[in-house]
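Please read the following account alongside the sequence and the 3D structure.

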Amino acid sequence: MNSLDPQISLDLRTTTADLTAPVISRSDVLVVGGGPAGVAAAVTAARSGASVTLLERYSSLGGLASGGMVLVLDDMINGQEITVTGIVSEYVERLQKLGLAIVPPADDRKTSEELWNKWGRYGTFDFHSHTTPKPVCYAAAFDPDGWKRVSNDLVREAGVNLRLHSWFSRPIVDNGVMKGVICETKSGPQAFMADIVIDTTGDIDVASRAGASYVKDSYLTTLVFRLGNVDTNAAEAFEQANPKEARAINRKIKRLLGGAWELWWLKTPSTASSGATPRT
Ligand SMILES: Cc1cc2nc3c(=O)[nH]c(=O)nc-3n(C[C@H](O)[C@H](O)[C@H](O)COP(=O)(O)OP(=O)(O)OC[C@H]3O[C@@H](n4cnc5c(N)ncnc54)[C@H](O)[C@@H]3O)c2cc1C
């Protein structure tokens, strides 16, 4: 019989004895989830002198920023003030040095047809503006795999104890106090103990399993795919020379794809072009 048969799986229940797992580490701080929030928390704690373990279920760091191919750190400025700083500025700087991020220089952060033509397809513009064209602003178009690389560098340099392929499965709570977590790994369940546990799973896996109350909601997600060997210069030249035809084609494609994004494809700093398929 097929074990995935819904009739069977619905009725199946099994009870196991209390779990015994080896303790792999004891740290001041344990961070669960290696996305942007987890890396920032782990690196900041380690730089402050704490011993830190960072757990990530997948084979690489970056969470949605790398695995979900975010492509652009959009609009990080309010007027002249750069408002999104800290660890993310280090990412931007390092990615730029590697040639894996592009940021409009201060002189280009204005509204003009010429600057729109130069920067628009990198997505580095003020999304909320109602002007046409939209103003170019401080934002970073980046390569998702570059994000993984910089995350590794930041974590390694800060001396964080990184454990990949470690899927949080249950909290260790004693008398209402969080003492650590259990992860599922290829070697079986493993325990990681800490004075402070930070949940950066993006889904509050740890907090919710530990009994914390939460509000359930949903948000639009954008499914991104990448295409290589696309002549994006030719596509842009066509758009700029034939704005009416290009708008008609874009409208047709947007109808097919759906979603909220005005631009359905973006350029990235590496040679590949990227198609963004927005869905709500
Ligand atoms: C296409 C796209 C474009 C976006 N554009 C922008 C943008 O321009 N600007 C912006 O600010 N935001 C943007 N976002 C949103 C941004 O990506 C998220 O806000 C950000 O990634 C959240 O970071 P996080 O670390 O909290 O969570 P996540 O990125 O979700 O990272 C969570 C990490 O925890 C790990 N994890 C989860 N569960 C477990 C578990 N049980 N055990 C172990 N590890 C676990 C995951 O594998 C992941 O690595 C975009 C998102 C998408 C998809």
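The ligand is surrounded by 29 residues, where a residue counts as near if its C-beta atom, placed from the backbone, lies within 6 Å of the molecule. The closest are Gly-33, Gly-35, Ala-37, Gly-63 and Gly-202. This is a predicted model, in which local features need pLDDT of at least 70 and side-chain atom pairs count only at pLDDT 80 or more, while totals for chains, interfaces and linings use all residues. Residues are numbered from 1 along each chain as its sequence is written.

Two or more residues of the shell come from each of α2 (36-47), α3 (63-67), β3 (72-73), β9 (167-174) and β12 (221-227). Helices (H or I, at least four residues) and strands (E, at least two) are DSSP runs, numbered from the N terminus. By class, the shell has 13 nonpolar, eleven polar and five charged residues; Ala, Val, Leu, Ile, Met, Phe, Trp, Tyr, Cys and Pro count as nonpolar, Asp, Glu, Lys and Arg as charged, and the others, Gly among them, as polar. The ligand lies between domain 1 (19-65 + 148-209) and domain 2 (221-280), because both give residues to the shell around the ligand. The domain bounds come from an automatic or database domain assignment.

Next comes the sheet. Six strands form an open sheet in the order β8-β2-β1-β11-β10-β9, with mixed pairing; two strands pair if DSSP finds at least two bridges between them. At the edges are β8 (161-163) and β9, each pairing on one side only. From one strand to the next, the twist averages 40°. Helix α2 packs on this sheet and touches β1 (23-32), β2 (52-55) and β11, contact meaning C-beta atoms, placed from the backbone, within 7 Å. The direction of α2 makes about 170° with that of β2. Within the sheet, β10 (residues 177-185) and β11 (residues 188-199) run antiparallel and are joined by six bridges. Ile-182 stands opposite Ala-191 in β11.

Helices α4 (residues 87-97) and α6 (residues 144-158) have axes that come within 10 Å and cross at roughly 115°. Axes are lines fitted to C-alpha atoms, for helices over the stretch in contact, and angles run from 0 to 180 degrees between N-to-C directions. Glu-90, Tyr-91, Arg-94 and Leu-95 of α4 make the contact with Gly-146, Trp-147, Val-150, Asp-153 and Leu-154 of α6.

Two backbone details remain. Thr-132 and Pro-133 are joined by a cis peptide bond, with omega about -5°. Leu-71, in the loop between α3 and β3, has a positive phi near 75°.

How values were computed:
Contact = placed C-beta atoms within 7 Å.
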